[in-house]
Amino acid sequence: MNTSTEIPATDEAQKLDLNLDINETSSCGRHVTVTVPRTDIERYYQKQFDSIIPKAEVPGFRVGKAPRNLVEKKFRKQVADQVKGALLMDSLTQISESEVFSAISEPDLDYEQVAVPDDGDLKFEFNIEVRPDFELPKWKGLKIERPEYDFTDADVDAELAKLTAQFSTLEPVEDKVAAEDYVEVNITTRLDGEDISSASDISVQVLPTLSLADAMIEDFDKLMIGAEADEKRTAKVTVNEFSENVELAGKELEIEFEILDVKRRGGDGVDGLAEKTGMDMEELRKRIKEGLESRLEYRQREVVREQISKTLTESASWELPQDLLRRQSGRELERASIEMRRSGFSDQEIRERENRIRSNILERTETMLREHFILERIAEDEKVEETEADYTMEIARIAAQQNDSPRRVRARLERSGQMDSLRNMIIEGKVIDMITEAASFEATKYEQEQQSTVEAIDFFAAGKLANIPEAKYEGGEDQPIPGVKPERE
C-alpha cells in the first residue's frame, strides 16, 4: 500500500517543504521516499555560503573579501557535503516530529548513495520499522484472577532457615564433591575440538540443574558428585535455538569443568545471619516478612499482567520481523531484571529467571512487543506520561532493595542504557494500573516458590557477541572545508 504525504513548511526560515511517498512493506515495515524541493536546497546552500564568505580564501583577494559568485563557484562541491548532511538530518527530524508514523527503529539510510543534484529536487529513500496500525481492543471491565495470601510466622521461619543456610560462610574442604557443595571451576566449551567460550574462577553450587545463559545442563549434581579438586568433568550441552550466536543455535557442544576448589557451607546459624545483616531478630523477621509480601505483589502483578496481555493480544495477528525481535529481546531482559530488583529478588534468582527467559526469548519478546504497542496506544489515548517523580520513586525502590544509594543506582541505569527500559516500565505500569482499576477480580490460591533445584550462572556456552552499531551517516554544518579559515574558539 502506497500513501503520499506532504509535510509543509510551517516556518519558512526553519522547516522544509517535504513530500513523502510511503510504501507499506509489512505490518511493521515502511519504505519511504522523500522529496526535498529545489527552493529548500538553494536556501541551505545560501545559508552555508553566508557563513563561509567572511572566512573564504580566494587567490587575489584578502580573506573574506572575494566576490560571492567566485566563492560559490570555488567551494560549491565542498559545501555540497555539508548541505547534504544538514538536509538529511533536518528532514529526518522533521519527519519524526510530524508523527506520520510511529517509528520504533532508526532509519535504514545509505548515506553514500544520496547526492544533492545540481538541478531539480533532492530525492532519497530509506526503510524504517514502525508501530503497526491496529484497532484498539476492549480493555475496560476485564475479569481477572489474582492470587491472595496472608503470611504467617511459620512462613517467616521457613524463609529464615533458607536465608541462614544461604548466608552461612563457605569453607574449603579436603573432600570429594557432595550434593549442594560449591565448586570453584574453570569452564570451557568446544565444538569439534575447537574452543568456543571459556570463563575462569566461577563459583557454582552443585544442584540437579545448571542453568547457563544459553543452555541447560540436567543432572549436573550427578556429573559433579564424587569429583575432587584438580579433576575435570565433561558433558554435552545443546545451545538453545534463540542464542544470540545464530551459527551455533541448536548445536551440541562439549562443556568441560575444571575443578579448582571444593567448598561447603559452615554452621553460622541464625546469630551469624543477624550479625551479617546488622539487624536484631525482631527487625530481621520484619524485613523477611516484607520481602515475602513484596514477592507476592510481584507475583500478583505478573499473573494479572499475563491475563491482561493474553486478552489484549489475542487479536493482534500482525507479523513482527525476526531481526526486530532479536534487537528488542535485550530490552525484555532488562525490563524483567528491573522488575525483579524492585521486588527484592536476589542476584541468583534474577540470573535464573534471565536464563529461563533467554531459552524462549524470541517467543516471549513477540508477545511482550505486541502488548507494548497496545499499552503504548492506550497511554497516548489516555494522555498517560512519565514524570521525574516516577523515576525518583522507582530508583529509590530499587536502591532500597539493593541497600544502595539512589544516586548510584541511577548512574548504573544510565551507564547501562536501562533508563529507556525503566521509562517503558513506568508507562506500561500506569496503563496496567488503569486496566486493573477498571477490572473485576477473583481471589485464587498463592503457590509459594519451593527451594530451587537450579543453579544459574552468567555464562554463554556459545559465547557472548559484542554488537557495536556503526554510524551509517554523518555530516552537517560543522564539517571543516579546505580553504576556509576555522573560527577561533
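**View A. Parallel pairing of strand 9 with strand 14 in the predicted model**. Strand 9 (residues 209–211) runs parallel to strand 14, and three bridges join the pair. Within this pairing, Ser211 lies opposite Ala456 of strand 14. Helix 8 (residues 347–358) packs on the sheet and touches both strand 9 and strand 14. The direction of helix 8 makes about 90 degrees with that of strand 14.

**View B. The open sheet with strand order 10-9-14**. The sheet consists of three strands, and its pairing is mixed. Strand 10 (216–218) and strand 14 (454–456) are the edge strands, each pairing on one side only. On average, neighbouring strands of this sheet are turned by 15 degrees against each other, direction ignored.

**View C. Contact of helix 6 with helix 7**. The axes of helix 6 (residues 281–313) and helix 7 (residues 322–342) cross at roughly 145 degrees and come within 9 Å. Helix 6 contributes Ser294, Tyr298, Arg301 and Arg305, which meet Arg335, Glu339, Met340 and Arg342 of helix 7.

View D. Thr33 counts as buried because its relative accessibility is 18%, below the cut-off of 20%. Neighbours within four places in sequence aside, Thr33 is in contact with Asn19, Leu20 and Asp21, as well as with Phe124 and Glu125.

Key
Residues are numbered from 1 along each chain as its sequence is written. This is a predicted model: local features need pLDDT of at least 70, side-chain atom pairs count only at pLDDT 80 or more; totals for chains, interfaces and linings use all residues. Side-chain values use heavy atoms; hydrogens and water are left out. Buried means under 20% relative accessible area, exposed over 50%, partly exposed in between (1.4 Å probe, protein chains only). Contact means heavy atoms within 4.5 Å. Two strands pair if DSSP finds at least two bridges between them. Helices (H or I, at least four residues) and strands (E, at least two) are DSSP runs, numbered from the N terminus. Axes are lines fitted to C-alpha atoms, for helices over the stretch in contact, and angles run from 0 to 180 degrees between N-to-C directions.
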